[in-house]
Amino acid sequence: MSYFNFQQVFTLDKRSLALMRVILCLFLLFDLYEQLPYLEMFYSDNGLFPISLWLNDYAHDWSYSLLYLNNSLIFFWASITCYAIALFSMLIGFRTKGSNFWVWLFFVSFNNRNWFGLNGGDDLVRIMLLILLFLPTHHFYSIDKALNKSTEPKSSYQSLWCFVFIWQLLIMYFFSALFKNHPIWNHDYTALSFALKLYVFSTPFGEYFQNYPAILKFLSFATYWSELLIPIALIISLILRKSFFRLSLIFYFISFHLGILLLLNVGNFPLYAMSFWLALIPSQFWDKFSLKPSQELTMYYDGGCNFCKKLVMIIREFLFLKNIKAYPSYANYERLQEMKKNDSWIVKDQKGHTHHGFSAFLIIVNSTWYLYPFFIFNNKVLASLGEKGYRFIADHRSLFSKFTKPLHWSPLSKKSTFPLKEFFAFVMLLSLLNWPLSHSQYSWSPKITNFLNPLNQWLHTYQNWNLFAPYPQKTNTWHQVIGTLDDGHKIDLINPGRSVLIEKLSRKEVANDFHNKLMRKLFLRLEQDDSLADPIARFYCQNGNRRAIEHKKLLTRVEIVQFKEVLVSPNVVAPQNNKLLITLDCL
């Protein structure tokens with residue numbers, strides 16, 4: 001028997017894709033919540049770049065955004081709300097393909113409204129959301145699957161689009177290593193020692209590990225060679241018939257990104273990367289460790305109640321109760337009479353005993369170790385409350401059925417224009433490779449680049465993997481935005497509780513000032529482009545700050561000061577120098 005199966009390069013397990021969908025959406029919802037205090041500053045007309053300024057001075061011809069349609073604050077927050085709804089809909093797998101499209105479109109729209117706060121994680125998510133439109137992420141753990149009226153879907157999916165998904169991961173890691181081709185990464189292995197000296201990136205863990213240069217050398221070595229060799233290792237793991245190597249690789253890279261998350265402030269990129277690795281979990285894992293109840297159970301629901309059937313199917317899908325059989329009550333005369341008598345669904349256990357109401361739900365819970373959080377309902381008081389809740393829903397069935405009315409029974413798989421879909425996958429393979437390749441020293445023919453660049457731009461599949469490449473910057477930089485009130489008093493507008501122009505900030509103070517990924521990336525770009533000082537200063541002039549408003553004092557002037565110290569080596573720092581980037585009169 002051959003040890004290799006080359007078809008696996010084009011195959012992903014639908015259960016893994018579904019798990020990835022759920023985790024990705026949770027991370028995106030967390031990211032949205034984390035950015036809420038800064039969204040108006042970065043994406044609205046009251047923020048850094050009003051739409052007229054952005055379209056005239058910054059936007060490209062191919063930059064489309066729903067936020068260009070209207071500049072009102074109501075429309076802006078309505079867009080945020082719609083994005084959150086689309087994310088939640090994709091999370092639970094309700095009309096998943098449509099939800100996926102809207103999530104992608106809103107994500108692109110926010111990226112195009114202001115890209116000065118973007119990082120590699122945004123590039124990765126934007127591209128993967130487009131790829132996921134062509135993958136069956138909704139065939140498991142979704143409302144779409146619960147209400148499927150076609151045959152049970154197979155667990156594996158074979159398509160060129162599976163390789164497109166894998167291809168994007170290969171490109172991300174390989175070009176990250178290619179752009180790091182410098183002795184600091186592949187000879188001296190001091191890259192992380194420099195990176196962790198940068199206050200804006202270093203975490204408390206990163207600061208602690210600065211005391212262990214030998215460990216940091218090993219981590220620099222592991223980072224460079226892991227990224228460089230991942231294409232070979234991943235392809236081998238895919239074609240091997242044994243799943244252990246692939247699971248080991250998944251565990252290694254999830255641990256790799258967890259390490260990045262602990263040591264460096266690089267936004268939510270490590271979280272997104274970890275979620276995409278979950279899609280590579282092989283079928284053998286699910287076949288061996290699938291979740292199922294410890295005893296045989298059978299559910300009976302009111303066959304004449306569409307609401308009841310939908311609810312039972314949704315419960316069965318989301319609680320991983322695939323092995324539990326579910327029948328309409330009219331399929332069994334004895335169960336039908338019992339249901340009429342108790343006005344309740346029925347769960348029959350392995351011994352043939354039947355259970356009703358909330359007690360039936362508890363039988364399911366007690367038969368599944370993975371529903372452990374629900375074990376608290378075994379308490380008499382909580383069980384009583386659960387029963388009252390069940391009775392309330394049962395007595396108001398017609399009311400609650402209105403909430404499930406939009407949930408339609410439909411087949412999971414639609415008729416696909418297969419040749420066209422696979423041809424587009426092939427074009428995507430070239431497109432994904434084009435952008436990073438054309439920005440490297442190994443660029444291919446200008447004719448190919450000129451042909452594919454518009455595709456990258458309009459589909460927004462451009463990507464840059466040059467963080468800490470070819471080496472981490474050797475300047476430790478931070479900024480203060482200083483406001484002068486009409487009484488002459490000066491305040492720090494980023495951190496009003498701190499005195500201005502102090503000699504040196506600590507890592508913790510810089511990290512607190514720029515803990516948000518949008519703010520951190522904006523001021524990192526300011527270090528490279530002084531022209532951004534003007535819109536930043538104008539924003540603070542127009543909005544003032546809480547202290548100024550509370551004391552009913554006008555903000556008369558804004559200054560942005562840049563503090564910089566050069567890292568001669570990880571242990572030698574040149575004297576700090578200050579630079580006034582802009583002084584703007586607010587009145």
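**Group meeting: one predicted chain**

Glutamate 422 counts as buried, because its relative accessibility is 13% and the cut-off for buried is under 20%.

Where does glutamate 422 lie? It is part of helix H20, which covers residues 418-438. Leaving out residues up to four places away in sequence, glutamate 422 touches Ser159, Leu160 and Trp161. For a sense of distance, take threonine 190: it is 232 residues from glutamate 422 in sequence, and the two C-alpha atoms are 44 Å apart in space.

Two of those contacts lead to the next element. Leu160 and Trp161 are touched by glutamate 422, and helix H7 runs over residues 160-178. Helix H7 packs with helix H5, residues 120-132, with 10 Å between the axes and an angle of about 170°. The pair is therefore roughly antiparallel, since angles over 145 degrees are put in that class.

Which residues make the H5 and H7 contact? From H5 there are Leu124, Ile127, Met128, Ile131 and Leu132. From H7 there are Trp161, Val164, Phe165, Gln168, Leu169 and Met172.

Next, a residue in a strand. Threonine 298 belongs to strand S3, residues 298-301. Is threonine 298 buried or exposed? It is buried, because its relative accessibility is 13%. Its contacts, with neighbours within four places in sequence set aside, are Ile324, Lys325, Tyr327, Ile346, Val347 and Lys348.

Now the chain as a whole. There are 25 helices and eleven strands. The chain has 587 residues, and 52% of them count as buried. Along the principal axes, the C-alpha atoms fill a box of roughly 85 × 70 × 50 Å.

On contacts: if we take those between residues at least 6 apart in sequence, 75% join residues at least 24 apart.

The accessible surface comes to about 28,200 Å², and carbon and sulfur atoms account for 62% of that.

Terms used. Residues numbered from 1 in each chain as written. Predicted model: local features only at pLDDT ≥ 70, side-chain atom pairs only at ≥ 80, totals over all residues. Heavy atoms only, no water. Helix = DSSP H or I, 4+ residues; strand = E, 2+ residues; numbered from the N terminus. Buried < 20%, exposed > 50% of the residue type's maximum accessible area, 1.4 Å probe, protein only. Contact = heavy atoms within 4.5 Å. Areas by Shrake-Rupley, 256 points an atom, 1.4 Å probe, with all protein chains shown as cover. Axes fitted to C-alpha atoms, helices over the stretch in contact; angles between N-to-C directions. Parallel < 35°, antiparallel > 145°, perpendicular 65-115°, else oblique.
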